Amino acid sequence: MIRTDVATEADAKRTTKEPSFIGKRVPKLDAPDKATGLARYLDDIKLPRMLYGKILFSGRPHARIVNIDTAAAKALNGVRAVITADDIELVPFGFGSDNTALKKGTVTCVRDEVAAVAADTPQIAAEAIKLIRVTYEDLPVVASVAEALADGAPVIHEKAPNNIPFNFDYLHGDIEQGIAESDVIVEDTFNLQRVTHCCLGTSGIIAEFDATGKLTLHSLSQVPFLYTHDLSRIIGIPPQRIRVIQPPIGGGFGSKLDVHPFEPICVFLAKATQRPVRMHFTREEEFFATPTRQPMIIRLRSGAKKDGTFTFRDVKMTLDNGGRTSWGATTPWISMRTFSSLYRVPHVRQDVDVVYTNNIYACAFRGYGNPQATFTIEAQIDSLAEKIGMDPLDIRLKNAQEPGETTGQGMVLRTCGLAECLDTAARNAGWEVKHSGAQKPTHGIARGMGMASLFHVGGGAKIYRSDGCGTMLKVDDFGGVTVQTGSSEIGQGSETVIAQIVAEELGLPIANIRIINNDTALTPWDVGVHASRTTFIAGNSALRAAREARGKLLDAAAAMLKRDADEIDLADGKVVDGDTGEPLESIGKVIRGMHFGGKHELVMTTDFYEPPSKAPDKEQKGDISACYAFGTHVAEVEVDLDTGVVKVLGFSAAHDVGRVINQLGIEGQVEGGIAQGIGYALSEELKVEGGYVLNPTFTDYKLMTTQELPEIKTAFIETQDPAGPYGAKGIAEAPLVPVAAAIANAVYNATGVRITELPLTPERVLAKLQEARGDKSGETYGETCGQPHG
């Protein structure tokens, strides 16, 4: 681990004793319940008189609904409600206001929701769905962006007669000047695939009304407060009459940032039956009826001077929006920040068309458009380096930003460890020997090494009017602390980090800290889990609430002990001498003295932390995050030139994290992100043809297993961000972002063949190798030579 000697102002005010919990390996607080089966997931919740909901999906990419006959389904014994669009108020929702809970008139993709049932058992609900008869008039299917943009293409939504509902454009500098200043220019077209989140827990919800009409939702949302607001408009219930309780969430990765149609549908079924209704997707439904990562076609030109200085980037992106709109359509809002600010580039232009098709649609996914942008940028950096005869590491170091710089898009880099990340990841991987020493045989096994870096928000992103988080903290008479935080726990370990921060400030064991974070009736407001913001923003809020409580305890202890408050400290559940650490009194006794003494005080504090970030201006420029994350990954691969199989042999990752709060947790974040990124690079693709999903099972959708993952070396660059809690930045999304780019660069280093499509399946890699060799027969080298190959 790389550390700096820079301390935050807040740390300087504390005693010089070694932190008790910060930077240590602390197991997740919810791990015992999850490991022993005590955690009650959505499927474990069974309410009295609960019914089971099921949705009839259109199963057609593009069609007009002529008639829906629900008589047979309604007549089935055990069915309590059948609803269609005629039974509810259709309120448009989603980023494009082109979605409704149930569909009327036209369906635009196979996952469009047409009808729903509630029944006594899941089996009866499934049978009832089969009894609903829908008459369709099929319409021409627009299966690709090329078809959607062709002259005379069918119009999918009338509000977008050219099938382009959104554009995202950006410019800084002067592209023509950048081109004129360039000694070398590279240009490529990249095709980046559709992948899905593969959460172990499938999507679901329970909706229940009480006798007064108040609604309680057991929801897996990552943004419960925003979700309450958005859902209230769709279902016609005031937000103050909606309560969201979050059971343990079996994976999010951005999939639960939006209101999805099944959620208001479940509410409408509960309202129709006046009974609780649970709706829980099957795995197949999870594959075809939930949004995916945004597929993109990216045409990128990049330039450099002969000394390696980057001159310009000019990007044209086309996004397959699918038949409806979720958050996936907005990913260019983040990708433009990568194109503008990953390394120092004086001239950048982005032009994006988001295009309606009759495919399934996309939502947020870890990295939010950044993995796609990074893949293209880092490929072209290697190409530029090769053209001017420069080592890929050296060209990146030459263009790496330094602390204090402001990017062309107006983002202020108060701390920046990019150069340290590059050096550290390369050194730990053995870059100098392994990259330059790579051979490029024409058959057999080739080995290579590639690198890629990342730029991402590290302290939230000001996309809403508030990006803040609230904390309420109380200390009981015996030193037990209850922390009510708006920050949700979706598996990322936020509750453990918050407990560490509070325990550190109050000098108490972590076992004394109880976190409440899953009930909007009890917790203060938070914007939600996204944009790598939780450690930074929720951590700051908890830190400030704990410091206020600490001040009250120290003042009371000083009065009790007749000492100055700055002479004492809190540690191990005791008030101690600030210089010697000698125990002077228990914290519990001090608290009881406050409670039952003359002032009759309780230790209760609140805090709402709003980061200093700014919303972008109309030109999309501005300091949108309170801090920014950097990192570099180096991948070593071997490529079987006779089969196209790519194997990742080793991985080195270095991340600028500001400061490590939980060593165990941050290692898990990095290793998990790399595992997810290797799948994105090598095997994962949700195949859609003619609007239909072809591989909606784990049998045909290939995830990486633990046996296929390499040894991962991690290093953390501690740049001590002055705005972060104890100097920390967010890291949640960052580890996935550069993985595919590093692997693709390693494949190029091994083979000399640049592949601009993902995933790097054996079929795709072999085809590109054969094309490069001029092998028109499609045979492998071994077959051509009459020799066996494996």
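Predicted model: local features only at pLDDT ≥ 70, side-chain atom pairs only at ≥ 80, totals over all residues.
I take helices (H or I, at least four residues) and strands (E, at least two) as DSSP runs, numbered from the N terminus. With that convention I looked up G250 and placed it in the loop between β12 and α8 (262-273).

**Basis of the entries**

Residues are numbered from 1 along each chain as its sequence is written, and side-chain values use heavy atoms, with hydrogens and water left out.

**Two single residues**

For burial I use relative accessible area: buried is under 20%, exposed is over 50%, and partly exposed lies in between (1.4 Å probe, protein chains only). G250 is partly exposed, because its relative accessible area is 25%. I computed 9.1 Å between the C-alpha atoms of G250 and S203, which are 47 residues apart along the chain.

A499 sits in helix α15 (residues 494-506). A499 has a relative accessible area of 0% and is therefore buried.

**Second largest pocket**

I searched on a 1 Å grid over the protein atoms alone; a pocket is an open set of points where a 1.4 Å probe fits, with protein on both sides within 12 Å along at least five of seven lines, and lining residues have an atom within 4 Å of a point. Grid points are joined across faces, edges and corners, and a volume is the space filled by probe spheres set on the points.

The second largest pocket holds about 650 Å³ of space. Its lining has 25 residues, and those closest to the centre are Q246, P247, P248, N517 and N518. Which elements each supply at least two residues of this lining? I noted α2 (31-36), β12 (242-245) and β20 (513-516).

By residue class, the lining has 12 nonpolar, four polar and nine charged residues. Here Ala, Val, Leu, Ile, Met, Phe, Trp, Tyr, Cys and Pro count as nonpolar, Asp, Glu, Lys and Arg as charged, and the others, Gly among them, as polar. Domain 1 (9-39 + 468-609) and domain 2 (43-139 + 202-249 + 256-288) each give at least three residues to the lining; the domain bounds come from an automatic or database domain assignment.

**Salt bridges**

I count a salt bridge where a side-chain nitrogen of Lys or Arg lies within 4 Å of a carboxyl oxygen of Asp or Glu. The search of the whole structure gave 40 salt bridges.

I examined D314 with R301, whose closest N and O atoms are 3.3 Å apart. D314 belongs to strand β15 (residues 310-322) and R301 to strand β14 (residues 296-304), 13 residues apart. D314 is buried because its relative accessibility is 11%, whereas R301, at 23%, is partly exposed.

Next I took R414 and D623, with closest N and O atoms 2.5 Å apart. R414 is in the loop between α12 (392-399) and α13 (418-429) and D623 in the loop between β24 (603-609) and β25 (628-640), so this bridge ties together parts 209 residues apart in sequence. R414 is partly exposed at 37% relative accessibility; D623 is buried at 10%.

In the bridge of R447 with E638, the closest N and O atoms are 3.8 Å apart. R447 is in strand β17 (residues 445-457) and E638 in strand β25, so parts 191 residues apart in sequence are tied together. R447 is partly exposed, at 48% relative accessibility. I also recorded one network, in which salt bridges that share partners join K28, D30, K34 and E489.

**Aromatic pairs**

Rings of Phe, Tyr and Trp (its six-membered ring) pair if their centres lie within 6.5 Å; planes under 30 degrees apart are stacked, over 60 edge-to-face, and the rest tilted. I found 13 aromatic pairs in the structure.

Why is the pair of F57 and F281 edge-to-face? The ring planes of F57 and F281 stand at 85°, with the centres 6.2 Å apart. F57 is in strand β2 (residues 51-57) and F281 in the loop between β13 (277-280) and α9 (283-288), 224 residues apart. F57 is buried at 11% relative accessibility, and F281 is buried at 7%.

F57 also pairs edge-to-face with F288, at 5.2 Å centre to centre and 80° between the planes. F288 is in helix α9, 231 residues from F57, and both F57 and F288 are buried. I close with the cluster that ring pairs form from F57, F262, F281 and F288.
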